[in-house]
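Subject: Structure handover

Hello,

Here is the structure for you to take over. My notes follow below it.

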Amino acid sequence: MGIERELARDLLAKVHSRGATEADLLIIETDSSTTQVRLREIESLKSAQERRIHLRVLFGQRSAATSTSDFSMHALDHLAEETCTLARATAPDEYLGLPDPEAVAASVADLGLCDEAARELSVAEKIALVKQAEASALDCDPRITNSEGSGLDTHFSQIVYANTHGFVGEYRTSTFSLAVSPIASEGDAMQRDSWYSVSRKFTQLEAPEVVGATAAKRALRRLGARKVSTQEAPVVFDPDMAASLLRTLAGAVSGTAIYRGASFLLNRMGQQVAADSVTVIDDGTIPGALGSRPFDGEGVPTRRTVVVEHGVLQSYLLDTYCGRRLGLTSTGNAARDAAGISVGSSNFYLVPGTHTPQEIIGSVKSGLYLTELIGFGVNMVTGDYSRGAVGLWIENGELAYPVEEITIAGNLHEMLRNIDMVGNDLEFRGRTAAPTLKIGRMTIAGS
């Protein structure tokens, strides 16, 4: 990593010598692989390595961001010159600028984000794992007649951030994900579903037999799906669907959406926006979690931010620019890509409640247990929400039969306030996570 540190310092010196008042950059080096199997045969093996620099240069209140994967001396000289030229040509913006020096991380915490031992996994071991996962699905039941395949993705990254305040920080990450997508058939009916496991540590993935069997059971339970009549009824969101709802909330509390006036939560700080049972936290400091990192895309330390507490909106998610525009400070949520700086959540989750999933389902006399959402029918300004849905119908507190070709609709203002049960089954299967939850009443459009 010493080479990257020197390269970062040299590139910052290049733009400084061209008159830049401030600059920062992110160097990302990735090593990834994909192993895919379908119907017990190898379908594809891929391996890729990439190095990329994201550079931001400021001339006073003018800024430009560029990116390159060419690390040759000539290319970096050109990158420095081009970025400075672009920055001089942009319109000034009084809120632009690096974080204040005292806001940048003083040290880099070790959050246990990289599984170095798993770099030694052989191609043969990866193939065996993926084949076992798919075989467990195919062998689960005679009605599993086909497969869209099974795949293992591995991803290792090295990240270096540096700025003209003199800060240089680095860390490493790894991610492993295993997924299976079987197809179940009965008569002329066919249904597909899937299951996956993802973790920073290879040894913490669910066993391939478990991933495959779970995927098969999910596909089988969709056979014989029916339509239901249009009605208003409770909707129970399974954890993955609850996480989808939470991702919508993350977008609504993004500082970018707030200062642009493009959020249904505009001007709601300090107000009740959800049920008392709803507490939502964004925490980039959880050891080993998928959304954790020691500092954000601007070198600001990540932190634990209470976004909603007992239903009351307490904080937005902010980078430095959004914070300045709103008269607030960064929450350490700057994300970085070729387009520059944006706001992104870290580990964004709904704090679990006390109810088991079985208790939540058991509380519903007639309603929907939601397992899949289709399309994106969400108006972030008004909160209007309408999406295609798949799930299981609940009758007298029991999962009775599968349903499809329906739509669930409501408004996020009412939906969040009408969350009347929160489960105790929180599990981080992604950067955004939630337990099972129940919304007391939504419109379910069917036949």
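Start with N267, which is exposed, with a relative accessible area of 61%. Buried means under 20% relative accessible area, exposed over 50%, and partly exposed in between, with a 1.4 Å probe and protein chains only. This is a predicted model, where local features need pLDDT of at least 70, side-chain atom pairs count only at pLDDT 80 or more, and totals for chains, interfaces and linings use all residues. Residues are numbered from 1 along each chain as its sequence is written, and side-chain values use heavy atoms, with hydrogens and water left out.

**Backbone**

N267 sits in the loop between α6 (255-259) and β9 (280-283). Helices (H or I, at least four residues) and strands (E, at least two) are DSSP runs, numbered from the N terminus. N267 is not a glycine, yet its phi is positive, about 60°. Most residues other than glycine have a negative phi. N396 also has a positive phi without being a glycine, at about 50°. Its place is the loop between β16 (384-395) and β17 (398-411). N396 counts as exposed, at 61% relative accessibility.

**Salt bridges**

Side chains of opposite charge can pair when their charged atoms come close. How many salt bridges does the structure hold? There are 24. The term means a side-chain nitrogen of Lys or Arg within 4 Å of a carboxyl oxygen of Asp or Glu.

One of them joins the side chains of E4 and R51, at 3.7 Å from N to O. E4 belongs to helix α1 (residues 2-17) and R51 to strand β2, so this pair ties together parts that are 47 residues apart in sequence. E4 is buried, with a relative accessible area of 9%. R51 is partly exposed, at 27%.

Another salt bridge is E372 with R192, where the closest N and O atoms are 3.7 Å apart. E372 is in strand β15 (residues 366-374) and R192 in strand β6 (residues 189-192), so to speak of distant parts of the chain, 180 residues apart. R192 is partly exposed, with a relative accessible area of 29%.

D193 and R218 also meet through their side chains, at 3.3 Å from N to O. This pair links distant parts of the chain, 25 residues apart. D193 is in the loop between β6 and β7 (195-199), and R218 is in helix α4 (residues 208-220). Both D193 and R218 are buried.

Which residues are linked in a network of salt bridges? They are R192, D193, R218, R222 and E372.

**Pocket**

Rolling a probe the size of a water molecule over the atoms shows where empty space is left. On a 1 Å grid over the protein atoms alone, a cavity is a set of points where a 1.4 Å probe fits but cannot get out. A pocket is an open set with protein on both sides within 12 Å along at least five of seven lines, and lining residues have an atom within 4 Å of a point. Grid points are joined across faces, edges and corners, and a volume is the space filled by probe spheres set on the points.

The largest pocket has a volume of about 460 Å³. It is lined by 22 residues, and the closest to its centre are I28, I159, Y171, R293 and R431. At least two lining residues come from each of β1 (22-38), β4 (144-163), β5 (168-186) and β12 (334-337). By class, the lining has seven nonpolar, ten polar and five charged residues. Here Ala, Val, Leu, Ile, Met, Phe, Trp, Tyr, Cys and Pro count as nonpolar, Asp, Glu, Lys and Arg as charged, and the others, Gly among them, as polar.

**Cavities**

There are two cavities of 30 Å³ or more. The largest cavity has a volume of about 60 Å³. Of its 13 lining residues, R222, T371, V390, G391 and P402 are the closest to its centre. β16 and β17 are the elements that give two or more residues to this lining. The classes are five nonpolar, three polar and five charged.

The second largest cavity has a volume of about 50 Å³. Its lining has ten nonpolar residues, with no polar and no charged ones. Among them are A242, L245, L246 and L249. Helix α5 (residues 239-252) gives the most to this lining, with four residues.

Regards
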